[in-house]
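Welcome, and take a moment to look over the sequence and the structure before reading on. We will go through them together, one part at a time.

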There are 2 protein chains.
Amino acid sequence: MTVFPEAEFENRLARAQAAMGKAGFDALLLTSEADVRYFTGYLTRFWESPSRPWFLVIPASGKPVAVIPAIGGALMAKTWIDDIRTWPAPTPGDDGVTLLAECLREIGTERIAMPMGYETQLRMPLQDFHRVQDLIAPMRIDADGGLVALLRAIKSQAEVALIETACGIAGRAFDRVGEIAGRGTPLSDVFRNFQRLCLEEGADWVPYLAGGAGSLGYDDVISPATPRPLQSGDVLMLDTGLVHQGYFCDYDRNFVVGRPDPAVAAGYQRLREATQAGQEAARPGATAAEVYQAMQNICQAGPGRLGHGLGMQLTEGLSLIAEDHTVLEPGMVITLEPGVDIPGGGILVHEDDFVIEENGARQLSPTAPSNLPELPA
Amino acid sequence: MTVFPEAEFENRLARAQAAMGKAGFDALLLTSEADVRYFTGYLTRFWESPSRPWFLVIPASGKPVAVIPAIGGALMAKTWIDDIRTWPAPTPGDDGVTLLAECLREIGTERIAMPMGYETQLRMPLQDFHRVQDLIAPMRIDADGGLVALLRAIKSQAEVALIETACGIAGRAFDRVGEIAGRGTPLSDVFRNFQRLCLEEGADWVPYLAGGAGSLGYDDVISPATPRPLQSGDVLMLDTGLVHQGYFCDYDRNFVVGRPDPAVAAGYQRLREATQAGQEAARPGATAAEVYQAMQNICQAGPGRLGHGLGMQLTEGLSLIAEDHTVLEPGMVITLEPGVDIPGGGILVHEDDFVIEENGARQLSPTAPSNLPELPA
């Protein structure tokens with residue numbers, strides 16, 4: 001009842017338990033949507049509600065144990081998980097705390113590990129976490145040292161195929177931007193209608209859309225849309241993270257209303273060169289920092305990363321920055337996202353998605369246009 | 001540059017500082033999207049990326065201080081916040097930890113409070129939280145005792161107006177379900193196209209959609225859509241949490257393909273009665289438990305809450321359960337969400353949104369149809 005055959009989850013579990021054995025962990029405790037889904041296939045938008053915590057325990061051997069709110073029991077029973085323990089959440093005063101502690105004691109672990117480093121969040125009340133720790137003492141919950149993040153960073157072929165499909169959906173929506181945007185269209189309408197195009201082209205939902213517009217680039221890449229109408233000469237950027245069966249794409253496309261300013265046209269070419277340089281550098285054995293440097297040599301952008309890992313979350317794993325020395329391995333999926341400053345104006349950003357394969361980086365997002373596509377002026 | 005005038009934020013801050021004074025807190029530390037936005041107006045979908053933590057510090061007097069990734073600096077500068085401190089996140093090894101600790105030490109607080117109880121999450125790596133604690137010792141970070149949640153639970157008129165607008169957008173989309181759903185339509189197409197309708201009717205985005213379909217109700221209310229085509233006699237439920245300028249609606253509507261089974265039609269009437277009883281009970285001074293009981297007397301649903309608070313998050317604040325004795329106050333926005341079991345089948349759930357006013361609960365979602373609307377069979 002999930003998008004993957006059971007063998008996919010058996011593989012993930014086997015890799016996890018091998019890594020746990022090396023690290024000396026007897027169990028993993030997971031609380032986040034992506035981590036729980038990675039080992040179960042449990043896919044629901046219900047995580048949007050912050051009211052209930054969800055727990056998954058990975059023992060050193062044997063299948064994961066789900067400790068979850070009763071409202072999720074029926075759906076979890078459709079996954080490959082057998083041992084599902086529920087409580088009628090929310091239960092004021094003991095919202096899964098005792099049930100989780102019992103489960104951990106029953107497994108009888110000495111070293112429990114949990115993701116608590118870079119990019120992680122504790123998706124349960126901190127007070128409840130402290131109570132679980134008290135209830136299981138002298139057993140302790142320690143940092144997993146990035147173990148789960150590293151497992152998730154190396155995608156299976158099935159995972160890569162879903163990301164590639166997500167990229168294709170966004171590509172078909174980008175191809176239709178001329179239908180919804182042109183001189184005079186308020187940017188907020190462009191945002192709303194671009195999400196509609198993503199759905200029409202097959203997105204399950206559109207968790208992320210950002211963008212910007214201006215005659216010499218845009219101010220930033222994270223602002224919500226304003227009602228400002230597009231003007232002749234504006235460069236428009238749309239950056240989407242849409243979801244297909246639980247996997248994200250994350251890339252952008254730039255357009256111009258009529259004809260671009262020569263500085264914008266030149267900037268776009270520099271971004272394409274930087275992306276190509278990044279792709280050539282992104283081979284197994286290269287580091288994130290080396291890929292960053294290959295792009296930075298061309299685009300000399302300001303501070304900020306020039307790409308990142310991608311998968312079950314919009315951004316996950318490595319960062320393309322000078323300080324990240326993660327070594328690329330086959331199966332990693334990354335974005336290349338160079339930016340350039342336009343003299344006297346704002347910035348211009350381009351992004352594409354790639355999977356690292358034995359022979360190099362293969363592009364998952366459709367080939368970008370060689371020149372800025374023109375919108376009705 | 002936010003949807004509210006500055007006076008809205010001055011009010012929120014004044015209420016917070018008054019409550020902090022009573023509780024003896026010298027500062028509040030906030031890490032979550034909704035909490036940061038509540039005091040700043042900072043609205044971006046960029047929180048979808050888990051890579052960067054964001055911090056807001058509310059001192060005992062004076063304006064909030066934002067300690068945030070550089071990528072958010074330009075947008076934060078458009079809010080009413082003056083003191084914005086940024087670092088070039090992600091910075092491996094020190095991702096805002098030192099900058100936040102310096103800010104807290106500078107404010108020189110003794111008792112720092114943070115939301116860490118029911119419904120909260122620590123939106124920063126737990127290891128980094130421990131490092132901040134070490135850096136500011138002997139100052140400590142304690143639980144806020146629900147202070148921020150209680151502030152947010154009482155909405156201003158401007159907030160209620162945004163929720164009411166969101167409800168109206170969803171209502172216009174629900175009115176058009178006949179355009180996209182009928183006998184033979186795969187449920188997954190219904191979900192995709194209903195989100196499209198929400199966007200066409202004015203939603204900024206659609207963070208939440210769930211639903212179900214079956215001849216005698218549905219199995220649960222949190223599953224993603226399957227490709228199963230709607231069949232004659234199916235009851236279809238769609239439950240959406242769409243967003244308008246950062247505020248959610250959260251309610252559902254049921255439909256029937258052709259004519260309903262008599263048990264389904266009777267169940268729908270019981271849900272309407274239960275909702276009415278809940279509305280009559282939901283007056284200032286009543287408790288969440290009393291509203292629950294008024295509905296439970298009519299619908300005798302299984303375990304689970306029969307509604308909840310609503311606002312900047314899909315669900316927030318009180319739960320309509322027997323154990324929640326929160327007293328309703330004017331300005332609270334809640335959902336009433338009774339459910340019934342259909343004999344020999346699944347469940348049927350109905351949901352509407354209300355604001356508590358001096359004279360009682362005023363419905364924010366459009367009036368529900370008196371009988372199940374029929375879809376083409």
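This is a predicted model: local features need pLDDT of at least 70, side-chain atom pairs count only at pLDDT 80 or more; totals for chains, interfaces and linings use all residues.

Now for the domains themselves. The domain assignment of chain A places domain 1 at residues 6-152 and domain 2 at residues 157-375. Their C-alpha centres lie 34 Å apart. Where the two touch, 10 residues of domain 1 of chain A are in contact with 14 residues of domain 2 of chain A. Together they bury about 1100 Å², and 47% of that is on carbon and sulfur atoms. The interface between these domains also holds 2 salt bridges. Elsewhere in your view of chain A, you can find the side chains of A:Glu159 and A:Arg12 meeting in a salt bridge, at 3.4 Å from N to O.

Next, step back to see how the chains meet. How many residues does the contact take from chain B and from chain A? The contact takes 63 residues from each of the two chains. The area buried between chain B and chain A is about 5300 Å², with carbon and sulfur atoms giving 60% of it. On the chain B side, B:Arg45, B:Arg192 and B:Ile222 lose the most area to chain A, together 13% of what that side buries.

Polar links cross this interface too: 29 residue pairs are in polar contact between chain B and chain A, and 2 salt bridges are found there. To see a salt bridge between the chains, look for A:Arg192 and B:Asp204, whose closest N and O atoms are 2.7 Å apart. The elements of chain B that each supply at least two residues to the side touching chain A are α3 (73-76), α5, α9 (187-200) and β7 (205-214).

Let us now look inside chain B, at helix α4 (residues 97-107). Its residues B:Val97, B:Leu100, B:Ala101, B:Cys103 and B:Leu104 are buried. Seen down the axis of α4(B), these buried residues fall within an arc of 160°, so they line one face of the helix. The buried residues of α4(B) pack against several elements of chain B, including β1 (27-30), β4 (83-87) and α5 (126-136). Just after α4(B), B:Gly108 takes a positive phi of about 65°.

B:Asp352 forms one with B:Arg253, the closest N and O atoms being 2.9 Å apart. This pair links distant parts of the chain, with B:Asp352 in strand β15 (residues 352-357) and B:Arg253 in strand β10 (residues 251-257), 99 residues apart. Are these two partners buried or exposed? B:Asp352 is buried, at 2% relative accessibility, and B:Arg253 is buried too, at 7%.

The salt bridge between B:Asp142 and B:Arg140 spans 2.8 Å from N to O. Here B:Asp142 is partly exposed at 22% relative accessibility, while B:Arg140 is exposed at 53%.

Conventions: Residues are numbered from 1 along each chain as its sequence is written. Chains are lettered from A and ligands numbered from 1 in the order in which they are written. Side-chain values use heavy atoms; hydrogens and water are left out. Buried means under 20% relative accessible area, exposed over 50%, partly exposed in between (1.4 Å probe, protein chains only). Helices (H or I, at least four residues) and strands (E, at least two) are DSSP runs, numbered from the N terminus. The arc is that of the directions from the helix axis to the C-beta atoms. Contact means heavy atoms within 4.5 Å. Domain bounds come from an automatic or database domain assignment. Buried area is the accessible area (1.4 Å probe) that two parts lose on being put together, summed over both. A salt bridge is a side-chain nitrogen of Lys or Arg within 4 Å of a carboxyl oxygen of Asp or Glu. A polar contact is a pair of N or O atoms within 3.5 Å; within protein, one must be able to donate a hydrogen and the other to accept it, and residues adjacent in sequence count only if both atoms are side-chain atoms.
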